[in-house]
Every structure is written in C-alpha cells, then in structure tokens.
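Please read the points below with the structure open beside you, and check each one against what you see.

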Amino acid sequence: MEETAKKTVTETWLSKHRFQYKGATRHPFILSIRNGSVNFSSFKRWLGQDYIFVRSFVPFAASILMKSCKESSDESDMEVILGGMASLNDEINWFKQQASKFHVSLTSVVPQNANVRYCKFLENLMSSEIEYPVAITAFWAIEAVYQESFAHCLEEGNKIPQELQATCERWGNAGFGAYCRSLRDIVDRCLQNASQEVISKAEVFFLSVVEHEVEFWNMSNGEASV
Ligand SMILES: Cc1ncc(CNC=O)c(N)n1
C-alpha cells in the first residue's frame, strides 16, 4: 500500500477555511493595487493605519520571542523570530519614509475602530496565559496574510502603479516568503504534539486573524465601520 503523507495542521486549516482565507489575501484593495485601479487616498489611509498597527505588532513580536525562549523545544525558533523583529526595525523606518513621500502625517493619524480592535486582540495574545503554540499561530497567520496578498500583486500580469512597487516588494519578496514558511513549519511542529484543546484554540485564533485582516483592508475604503 502507498503511504500517504499526513496533512499538517496548517494544511488542513488552509483548505477547510479557504474561502475566509481568500477573503483576506484577495481583498478588493489588494486586487486594486495589482490591477492599478487603486485609489491613492485609500492607499494613504492604509499606510497611516498600518504604521499604528506595526508599532503594536513590535511588542507582540517581543512577547512571542519570550515565549519561544521559555516554551519552545527547538532553539532555532528564536532565530526565526529574531529575524522577523529585525525586519520590523527596517519596516518602521520604511513607513516613515513612505509617509513623507506620500505626504501622510504619521503623528496625526487617528486609529480607526477596526485597527483599535486588532491592536487590542494582539494585546490579549501577549498574556502569559496564552500558550506558545497558540500565540505563534496568530503571529504566523498575521505575517502570512500580508505575504500572500502582496506576493499575489507581484505575480505575472500585474499593473502595479510604480509608486506602490516598493510596498508590494516589502512583503511579497522571496525572503519574506521563506520567513513565513519557517514560521509555518514552527506552527506545524508545535501543533503536531499539542493537545486537542490547544489545537482548537489555535484554530479559533487563526480564524480571528483572518477576520481582523479583512476588516483592516476594509478601512482603506474610508467608510467608518462599527
Ligand atoms: C494589518 C497588518 N497585518 C500584517 C502585517 C504584516 N506584518 C508586519 O508588518 C502588517 N504590516 N499589517
């Protein structure tokens, strides 16, 4: 009998929740960047909001690093996460530079509700009661949605406005793809040995990330939503 490889946990989720996942990685805002029809005021709105989000994402990344040192069975997790934090350092500077290029004043951006909710969600995940496998699942999902969205923009046949090329490359480049792949391998390894309770909890958080990402993209429309 042929041996069939057992599906990993993330493979199972990505096929089970493919419609929700596509909603986040093929959002109309992303498709509009890819086909060049993007409204620049939407882009500027996204830029200002994402800068606020990324600033909240840094302490979240730090909490993942701490959990990995205390709870991970594999020493190399720390290096993967540290690499992610190093690119966040570049990213903060990149946002400042882009904001000046697009005349967005980062100091006067008011966080919209969807952003406040997403940052609150990150804060809850920083609690010491959240297990490492659950937290790293959310971390991977957050990074993977951006990677898949912007990598899709860069695929053949795109009409990305030249001014937005650098944005797509920031998260769509091959190095960021490899980093997301490493995070996904960590998640699969952690969940392989986890209890059903932890696996179910991680799945709930995975789906929450996908929902928050859709709401985040929706903000680019500028219609304040509840
Ligand atoms: C809303 C959101 N989700 C994911 C990312 C990507 N991670 C760090 O940059 C991001 N910048 N913003």
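Which residue has a polar side-chain atom that lies 3.3 Å from an oxygen atom of the ligand?

1. The residue is W171, whose polar side-chain atom lies at 3.3 Å from a ligand oxygen atom. Please keep in mind throughout that this is a predicted model, so that each distance here is a value computed from predicted coordinates.

2. An N or O atom in the side chain of D50 is 2.6 Å from a ligand nitrogen atom, and an N or O atom in the side chain of E213 is 2.7 Å from a nitrogen atom of the ligand. The cover is complete in this model, for the protein covers 100% of the 320 Å² of accessible area that the ligand has on its own.

3. The shell around the ligand has 13 residues, and those that come nearest are D50, E91, E143, Y146 and E213. By class, the shell holds nine nonpolar residues and four charged ones, with no polar residues.

4. Four helices each supply at least two residues of this shell, namely α4 (40-71), α5 (76-101), α7 (132-154) and α10 (196-218). The largest share belongs to α4, which supplies four residues.

5. The whole structure has one cavity of 30 Å³ or more, and the largest cavity, with about 120 Å³ of space, is the space taken by the ligand. Its lining is made up of 13 residues, of which F53, V54, I142, E143 and Y146 are the closest to the centre of the cavity. Here, too, α4 gives the most to the lining, with four residues.

6. The largest pocket is a separate item to examine, and its volume is about 230 Å³. Among the residues that line the pocket are K6, K7, T8, V9, W13, D188 and E203. The elements that give two or more residues to this lining are α1 (9-16), α9 (174-192) and α10, and the largest share, four residues, comes from α1.

7. Finally, please compare the make-up of the two linings by class. The lining of the largest pocket has four nonpolar, three polar and five charged residues, whereas the lining of the largest cavity has nine nonpolar, no polar and four charged residues.

Note on methods. Residues are numbered from 1 along each chain as its sequence is written. This is a predicted model: local features need pLDDT of at least 70, side-chain atom pairs count only at pLDDT 80 or more; totals for chains, interfaces and linings use all residues. Side-chain values use heavy atoms; hydrogens and water are left out. A residue is near a molecule or strand if one of its heavy atoms lies within 4 Å of it. A polar contact is a pair of N or O atoms within 3.5 Å; within protein, one must be able to donate a hydrogen and the other to accept it, and residues adjacent in sequence count only if both atoms are side-chain atoms. Accessible areas come from the Shrake-Rupley method with a 1.4 Å probe; for residues, only the protein chains shown count as cover. On a 1 Å grid over the protein atoms alone, a cavity is a set of points where a 1.4 Å probe fits but cannot get out, and a pocket is an open set with protein on both sides within 12 Å along at least five of seven lines; lining residues have an atom within 4 Å of a point. A molecule sits in a cavity or pocket if more than half of its atoms lie within 2 Å of its grid points. Ala, Val, Leu, Ile, Met, Phe, Trp, Tyr, Cys and Pro count as nonpolar, Asp, Glu, Lys and Arg as charged, and the others, Gly among them, as polar. Grid points are joined across faces, edges and corners, and a volume is the space filled by probe spheres set on the points.
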